Amino acid sequence: MDRTDGGAKPEAAAADLARGIERRRLQLQVLSYFIIVSLAVMLVLSLFSLSSIVPGLPEGILPDLGWVWQTYLFRVLFLGFVLAVVLYLATKEREQRTRNEALTAQLVEARIALERDVNRMGFAAQLSDILADVRDAASQSAAVEQALDRALAFYGGAGGAVVRPTPGAERSAEAVVTVRPGTPIDTVTGETVAVKIAMRVAQAGGPFLFAGGGDEDAQYMTQTGITSAIGIPLRVGMRLHSVLCLWTDMSDRVFGSSDVSAFRILAHQLELALARAEVLTEKDAILRGVIRTLTMVVESRDRTKVGHSENVGRIAEAMGRAMELEPSQLSSLRIAGLLHDIGLVSMPEGILGEEVERMSDGHRRIFEQHPLWGAQMLSQVMFPDEVADAVRTHHERYDGSGYPHRLKAREIPLAGRILAVADAFEAATSDSRSDVAYAPEEALAWLQAQGGTAFDPAVVQALEVVAKESGVGPISGQAAPASARTT
Amino acid sequence: MVVDDDPVIVELLTAFFELDGLEILRAANGLEALEVLLAETPDLMILDLMMPQMDGYAVLEAMDADERLTRVPTIILSAKDKPDAQIRAWTGNVHAYLTKPFDPNGLVALVRKTLDSPDMTDEAREAQIRKLRIVARADGGR
């Protein structure tokens with residue numbers, strides 16, 4: 001845990017140890033002097049009593065001081081010498097041990113610091129993973145909640161929230177709130193607290209810290225059981241986008257001003273994720289708008305297809321979802337559906353008004369190229385290849401009798417096979433071409449009958465799944481007449 | 001009759017319809033629409049959904065409740081494109097639902113067709129609603 005008050009202990013201990021080592025050294029010095037001096041005196045005295053020990057030494061060279069051995073003074077000195085040696089050795093050992101302790105303490109301190117850094121990096125990495133998936137408003141909420149959960153565990157908080165003023169509505173805000181299980185401050189209370197914190201941050205224009213205090217907001221927070229709270233502004237673009245709030249409910253864990261810098265990890269990651277979501281959402285909106293306008297252009301050339309493209313796009317996407325395709329494939333299906341007839345804008349005046357069955361050979365040849373024109377137009381835009389491929393092949397038939405290239409079965413890309421079914425279903429259920437709009441059930445039955453010839457039976461089945469999910473089931477044994485065919 | 005709170009739309013449509021030989025009545029919100037409906041029973045109504053004071057849905061409800069009004073064929077013209085919003089509007093004598101932005105020529109053709117056959121069976125309407133439910137599946141499960 002990233003505590004800020006834990007630093008005091010190791011430092012005090014280290015000072016103690018250093019003092020201890022110094023003391024020992026002084027003691028050792030004193031002892032060693034004493035030992036040397038007493039050793040020297042005894043050596044001298046011993047020399048003088050040599051004559052009584054070693055026989056044969058001529059008398060008179062050194063005065064006979066053998067009697068000195070007998071004096072108490074000498075004995076005391078001798079004992080002192082022995083003690084001093086013992087003490088010296090013991091002190092030396094103690095000094096060594098103290099040095100070891102000091103070294104160990106240093107290593108422990110270093111390891112704690114390293115762990116703290118590794119934890120921070122791990123936390124930052126976790127946040128990065130969680131928030132990397134944020135692409136739009138929906139994924140944003142879920143990811144922010146997860147990030148807050150991790151933050152609570154890491155910082156030791158009781159609850160947290162990201163509060164955003166609701167666009168267009170004054171005095172109202174959206175909040176993503178998460179609380180630690182077991183805390184007395186639940187998500188509803190948490191939301192109120194978060195909004196209060198957010199307002200203070202907005203007023204102050206900067207971070208807000210509460211750790212006790214007397215004003216109205218503070219009293220409210222104390223009443224709910226909050227011991228400290230912090231609010232940090234999150235900026236996207238140059239403006240205040242939302243406010244990150246965190247609070248504690250324990251008296252031994254109180255946020256301090258030094259915690260604010262630690263919270264920057266979380267705040268920074270959130271800012272990046274929110275900015276990215278905004279950009280992607282905007283980009284998405286612009287793209288949709290442009291495609292919609294293009295669709296309108298297509299429909300203006302062939303007036304019988306009002307609303308057709310939008311439906312084909314949606315149906316194709318629904319079918320892709322039923323077939324459990326990837327989100328990128330679903331998106332391609334949607335776009336391909338919306339723009340599948342864009343090649344019609346290249347058709348010469350006059351051809352579009354004609355019935356397909358009644359076209360002259362020359363006209364039919366040109367008409368049957370409209371998928372190619374469409375694909376060519378779309379390949380200029382940076383859509384995925386799948387989009388142009390689907391548009392190019394949406395009039396191919398499963399048995400190879402389609403146009404323009406008479407592709408067969410799997411030679412037709414999956415997106416193209418899906419589009420063919422979606423297009424046919426939509427045309428059959430609208431009264432734009434013929435005067436009759438078939439009910440979805442009848443259209444489904446007809447499509448089923450065409451499985452294996454015009455359409456991929458697996459793809460038709462996907463549409464059945466979608467229909468069943470909406471409460472629509474096929475009527476067996478009924479086929480729609482030829483006039484419901486699509487162009 | 002054209003019912004829309006956007007005067008630009010009303011102006012644009014009026015020009016197109018008058019060119020096609022149709023006479024146009026106007027209303028800028030639901031209240032005015034009901035007044036006109038009661039006073040002059042138009043042959044067809046083009047109805048916007050999002051209007052102040054009284055929106056298109058409320059107009060449809062009022063029409064369902066009143067015998068005299070129920071028979072006016074209606075084409076919805078709205079920026080609301082979500083299938084759920086559309087399903088909600090398919091009531092009474094609604095014949096078609098067009099989303100904005102729209103091609104005016106397509107609308108004129110639709111108007112002509114509706115004037116030629118102003119009665120739509122409930123069965124056909126139900127079928128449209130069922131189809132819309134399928135279309136709505138694109139947005140994922142509920």
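Modeller: Contact means heavy atoms within 4.5 Å of each other. The model discussed here is predicted.

Biologist: Which residues does Gln140(A) touch, not counting residues up to four places away in sequence?

Modeller: Gln140(A) sits in helix α5 of chain A, which covers residues 137-155. With those nearby places in sequence set aside, the residues that Gln140(A) touches are Val134(A), Leu274(A) and Ala277(A).

Biologist: Is Gln140(A) buried or exposed?

Modeller: The cut-off for buried is under 20% relative accessible area. Gln140(A) has a relative accessible area of 18%, so this residue counts as buried.

Biologist: Which side chain makes a polar contact with the side chain of Thr227(A)?

Modeller: Leaving aside neighbours within four places in sequence, Thr227(A) is in contact with several residues, including Phe210(A), Thr248(A), Met250(A) and Arg253(A). For Met250(A), the backbone oxygen lies 2.9 Å from a polar atom of the Thr227(A) side chain. The side-chain to side-chain polar contact, at 2.7 Å, is with Thr248(A).

Biologist: What distance separates the C-alpha atoms of Thr227(A) and Arg253(A)?

Modeller: Arg253(A) is among the contacts of Thr227(A). The two residues are 26 apart along the chain, and their C-alpha atoms are separated by 8.0 Å.

Biologist: Which residues does a cis peptide bond join in chain A?

Modeller: Most peptide bonds are trans. In the loop between α13 (385-393) and α14 of chain A lies Pro404(A). There, with omega at about 0 degrees, a cis peptide bond joins Tyr403(A) and Pro404(A).

Biologist: What is the phi of Ala409(A)?

Modeller: Most residues other than glycine have a negative phi. Ala409(A), in the loop between α13 and α14, has a positive phi although it is not a glycine, at about 45 degrees.

Biologist: Is Gln53(B) buried or exposed?

Modeller: Gln53(B) lies in the loop between β3 (45-47) and α3 (56-65) of chain B. Its phi is positive, near 70 degrees. The cut-off for exposed is over 50%. At 68% relative accessibility, Gln53(B) therefore counts as exposed.

Biologist: What area is buried between chain A and chain B?

Modeller: The interface brings 30 residues of chain A into contact with 22 residues of chain B. Carbon and sulfur atoms give 60% of the buried area, which comes to about 2,200 Å².

Biologist: How many salt bridges does the rule find across the interface of chain A and chain B?

Modeller: In one salt bridge, the side chains of Glu469(A) and Arg137(B) meet at 2.8 Å, N to O. Across the interface of the two chains, the number of salt bridges found is four.

Biologist: How many residue pairs are in polar contact between chain A and chain B, and which helix of chain A gives the most to the side that touches chain B?

Modeller: The count of residue pairs in polar contact is seven. On the chain A side, α8 (257-301), α9 (308-322), α14 (414-428), α15 (440-449) and α16 (457-469) each supply at least two residues. With seven residues, the helix that gives the most is α9(A).

Notes:
Residues are numbered from 1 along each chain as its sequence is written. Chains are lettered from A and ligands numbered from 1 in the order in which they are written. This is a predicted model: local features need pLDDT of at least 70, side-chain atom pairs count only at pLDDT 80 or more; totals for chains, interfaces and linings use all residues. Side-chain values use heavy atoms; hydrogens and water are left out. Buried area is the accessible area (1.4 Å probe) that two parts lose on being put together, summed over both. A polar contact is a pair of N or O atoms within 3.5 Å; within protein, one must be able to donate a hydrogen and the other to accept it, and residues adjacent in sequence count only if both atoms are side-chain atoms. Helices (H or I, at least four residues) and strands (E, at least two) are DSSP runs, numbered from the N terminus. Buried means under 20% relative accessible area, exposed over 50%, partly exposed in between (1.4 Å probe, protein chains only).
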